[in-house]
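Student: Hi! Could you walk me through this model?
Tutor: Happy to, here it is.
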Amino acid sequence: MTPNYAVRTVAIVTLGFLILPVIIVIPMSFSSASSMSFPPPGLSLRWYSSFFGSSVWVSATITSAVLALISSTLGLLLGSMASYGLCRRRIMQRGIIESNFMAPMILPTIITAVALYIAFAKIGLLGTLIGLVMAHTILLVPYVMVVMNVAFRSFDLRQEQVSWTMGASWYTTMRRVVLPQLGPNLFAAWVFAFVHSFDEVVVTSFIAGTYNTVPKQMFSELILEISPTITAVATLLIAFTVASLAGATLIMKRSVQTV
Amino acid sequence: MATVSHTQTYRRKSWGAVFFILPLLILVVIGFDIPIVTIFNYSISSADGYSLDNFYELVTTPVFAKVALNTLRITVMTTVIVAIAGYILAYWISTLPKTGRMIALALVVLPFWISVLVRTYAWIVVLGNAGIVNKTLQSLGLTAAPISFLYNDLGVTIGMANIQLPLLVLPLYAALIRVDQRHMQAAASLGASKRVIFWRVFFPQTLKAYLAGIMLVTIVSIGFYITPAILGGGRVPMMSNVIETYINTVPRWELASAIAVILLFVTLGLFAIYRRLENRTGDEL
């Protein structure tokens, strides 16, 4: 059925509406003006030099990167282990356990934020790196598990069985049979997890204390006063997200072709 | 034989389940479950033991009623916009040739992955008093003074609809392309008009996926925090923003916990409906 003009127009307008924020922010970041006018009166890199010259933003970037690196690696390890256990082993109350792991993705983040704020305040984890890593790992684990559940379910169990039959230990089976084939999925899961941690703002704003991350700094600037430096930050975030996802997609595609 | 050895392997190795799951389970219990129980406990505690005093205080506070209404109004407006525009977009994408589909889908997926902060922030630039929309309207002579889109319902709804759209469009698109084209061809060969084919043959087959998507948008909208905080500028507080106020501005942890618990039950209730709809989408195929 070919859609009529009205349907086509509404659809194209909706698509335009969807990507408008992305296509507005990028040219704004190269503006030479300090006012928020669009289109920019002239081009310059002043907001990028203001970003890289600001100790606040640079240290926030380092904190974000370190936090995302630790949390996504830990989340990948724990999440894919749990996913393997849930897919391959018989477990009592499996549904409940799985829902429990997925809950932080489904519940509004503000609930997790206030719960962690109050609980961490009582046990002294507020404003600590350990508290932040715990929170980020819990929030990104569901994304790792979504990717890895698909991977383990589509992975032929017989390959593992053959390997065991031929006398390989579980460790060898993992290292030589399972992991090499699931490498691309693990990489994709890790990238999703990293991006997710790097962008997390609600829980971080509640529990980070004196730690400052890029989204937290951005959020507080957006609430108080807006400097055009934010356009540069936003553009860098867009570029970073697109590059990571493109990398992950490319590696996933290549793995599909070789199989 | 194969099945026998299969079960044996399973049994022999089943102790390993604990090894795989326990580390994450410990982390989630300490870092998530116990904190949730803690706020639950806070919400029903008062000076003299357990009671529902906090909930009573909330319900009788006029401000809370206003905030609950705000939350409901914004959620409904956002969901209606997303539901209408999202169905049309998903439908249009499903009719495109292959390359067109790929491009259109990429344009839907891309914003989905970009930080909510970035996408919210852009609307300040677009909708502000000196933003593109107001400048265009003024240069066309449609308005003399700039229209205020920001710091009111309109701005918050536009920002939230923009963020929730992919949540509906992506799963709905997947459901639309699964509809068997031969049903529509059969209806057409029997003389049904285009309108009848769409509403009586096509649409009913996509209804459950559509409702599931709408539920998902409602669930996410009702607890949204970032967009109302930025685009509402404190003038359109939703439930989540009041939680923040009771933590940072007026420290009343028991009230913050009580709102969070209300939000938790509303979300779980909506999610239960969503799961039922989602499971049924599979049955009809």
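Tutor: One term to begin with: helices (H or I, at least four residues) and strands (E, at least two) are DSSP runs, numbered from the N terminus. The model is predicted, so local features need pLDDT of at least 70 and side-chain atom pairs pLDDT 80 or more, while totals for chains, interfaces and linings use all residues. Residues are numbered from 1 along each chain as written, chains are lettered from A in the order written, and side-chain values use heavy atoms, without hydrogens or water.

Student: Is Gln164(B) buried or exposed?
Tutor: Gln164(B) is buried, because its relative accessible area is 1%. Buried means under 20%, exposed over 50%, and partly exposed in between (1.4 Å probe, protein chains only).

Student: And what does Gln164(B) touch?
Tutor: Beyond neighbours within four places in sequence, its contacts include Thr78(B), Val82(B) and Phe224(B). Contact means heavy atoms within 4.5 Å.

Student: New topic: where is Leu22(B)?
Tutor: Leu22(B) belongs to helix α2 of chain B, residues 16–43. Leu22(B) is partly exposed, as its relative accessible area is 38%.

Student: Over in chain A, how much of residues 126–152 is helix?
Tutor: That span is 89% helix and 0% strand, with end C-alpha atoms 36 Å apart.
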